[in-house]
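Dear colleague,

Please find the structure below, handed over for your files. My findings follow directly after it.

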Amino acid sequence: MSLSTAFHIFVRQSLREGGIPFKVRLEQPNRETIAAMLEAERIAGDPSVRGYNDLDALFADLEQ
């Protein structure tokens with residue numbers, strides 16, 4: 001579907017609905033997700049945590 005076709009479908013549906021044909025909302029993460037995001041930021045900024053650029057090295061360390 002081209003962008004032009006998608007736009008025309010959107011406009012027609014908007015006119016039929018009398019507004020935007022879908023809910024416009026910003027999903028807010030729950031507490032568990034926020035905690036996981038904060039933990040990930042902490043881990044990413046911790047120089048003592050080893051990072052991996054090679055899957056083989058990661059799997060080798062996991063097997064130990």
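Arginine 50 counts as exposed, because its relative accessibility is 54%; here buried means under 20% relative accessible area, exposed over 50%, and partly exposed in between (1.4 Å probe, protein chains only). This is a predicted model, in which local features need pLDDT of at least 70, side-chain atom pairs count only at pLDDT 80 or more, and totals for chains, interfaces and linings use all residues. Residues are numbered from 1 along each chain as its sequence is written, and side-chain values use heavy atoms, with hydrogens and water left out.

Arginine 50 is paired with aspartate 61 in a salt bridge, with 2.6 Å between the closest N and O atoms. The criterion for a salt bridge is a side-chain nitrogen of Lys or Arg within 4 Å of a carboxyl oxygen of Asp or Glu. This pair links distant parts of the chain, 11 residues apart: aspartate 61 belongs to helix H3 (residues 55-63), and arginine 50 to the loop between H2 and H3. Aspartate 61 has 27% relative accessibility and therefore counts as partly exposed.

The rule gives two salt bridges in total. Arginine 25 and glutamate 27 form a salt bridge with their closest N and O atoms 3.3 Å apart. Both arginine 25 and glutamate 27 are exposed.

As to the overall fold, the protein contains three helices and zero strands, where helices (H or I, at least four residues) and strands (E, at least two) are DSSP runs numbered from the N terminus. The radius of gyration is 23 Å, well over the 11 Å that the globule rule gives for 64 residues, so the protein is more spread out than a compact globule. That radius is taken over C-alpha atoms, and the globule rule is 2.2 Å times the number of residues to the power 0.38. Along the principal axes, the C-alpha atoms fill a box of roughly 60 × 30 × 20 Å. Of the 64 residues, 2% are buried.

Phe7, Phe10, Val11, Leu15, Ile20, Phe22 and Val24 make a nonpolar surface patch of about 730 Å². Such patches are made of residues with over 30% relative accessible area and no salt bridge, nonpolar side chains (Val, Leu, Ile, Met, Phe, Trp, Tyr) being joined within 5 Å and like charges within 9 Å. Within this group, phenylalanine 22 sits in the loop between helix H1 (3-17) and helix H2 (31-44).

Yours sincerely

Definitions and conventions: Areas by Shrake-Rupley, 256 points an atom, 1.4 Å probe, with all protein chains shown as cover.
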